[in-house]
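Open the model in your viewer and keep the selection tool at hand. This tour goes stop by stop.

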Amino acid sequence: GPPRRSAALAPRRVRERDGEEELPPIGEGISNDYLLKPIQDFTDSGIPRGGFVGKFARNLPVMRLKEALASRLGIPTDGVWFAVDGRDMDDDKTVGENGVLEPGPAARNAGAKVMITFMLADGIEPGAVVERRRQQHEAEERAFAERMAREMAAREAAREQAAAEAKAEAEAKAKAQAEALAEVAARQRAMAREADQCTVRCFPLGMTEGQDVRTTRSATVTELAQQVAEQMGMRGATGTLVLTFNGEVLPQRTTLRNAGIGEGSELFYYWEG
């Protein structure tokens, strides 16, 4: 009797119902239109729900079709299984040799297809899934590296800011201490100058009318003599102004302190030469 029509023949309306992806033709000569239909749920896997369609030469072993699909899915060839009507296909045989009724010219013209179901072996994932996971992993690593870089930059900025603040604080403290020391030194100098000040009464020798001269105990007799000469209006006089104290002529290089002269001391002067 006439050959039994195999359930592997699928009408073209499958393409209209579900999204399909067309693969490049495989082989030359008389070819079968085929539909590779997944029997697993491959949501978000890059595999179209409607499967794959294309043309496959009748004289080629099923392995060639499996290689094409495996290449498209990015998986090993032995990671995918083919079946027709629930029977596994022999990869080394052609579609016809696997007992599948191939459509004749009229059926091919009508759009009949050889329908083959496929599933992936355990542990096998489509390349799109693997690639998406790889990209996600890389994105996570990049995000982690960026976060670490930001945190490191923030820590470094905080460290630099803390160092700058510590330096500014140390400089301000050192400046304040220097200013305090300078103020103390200035007060000490002022006190020393004040303590060094004294007023002596200077008389021309043999006279009872004298004038007060404000000087310092650290001044020398020569310096006091110059003050007396200026204060008495005798700056341009010739000779040497000699100072005496307690009846003794004062050596010119002696300081008033060493000479025992202090506040209220009375000195006499005269010109010599």
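This is a predicted model: local features need pLDDT of at least 70, side-chain atom pairs count only at pLDDT 80 or more; totals for chains, interfaces and linings use all residues.

Residues are numbered from 1 along each chain as its sequence is written, and side-chain values use heavy atoms, with hydrogens and water left out.

Stop 1: Cysteine 198 is in no disulfide, and its nearest cysteine sulfur, in cysteine 202, is 9.8 Å away. That distance is too far for a bond. Now check accessibility. Cysteine 198 has 0% relative accessibility, so it counts as buried; cysteine 202, at 1%, counts as buried too. Buried means under 20% relative accessible area, exposed over 50%, partly exposed in between (1.4 Å probe, protein chains only).

**Stop 2: aromatic rings.** The whole structure holds two aromatic pairs. Rings of Phe, Tyr and Trp (its six-membered ring) pair if their centres lie within 6.5 Å; planes under 30 degrees apart count as stacked, over 60 as edge-to-face and the rest as tilted. Select phenylalanine 52 and phenylalanine 118. They form a tilted pair, 6.3 Å centre to centre, with 40° between the planes. Phenylalanine 52 and phenylalanine 118 are both buried.

**Stop 3: a charge over a ring.** Select lysine 66 and phenylalanine 82. Lysine 66 lies over the face of phenylalanine 82, 5.6 Å from the ring centre. The criterion is NZ of Lys or CZ of Arg within 6 Å of the ring centre and within 35 degrees of the ring normal.

How values were computed
A disulfide is a pair of cysteine sulfur atoms within 2.5 Å.
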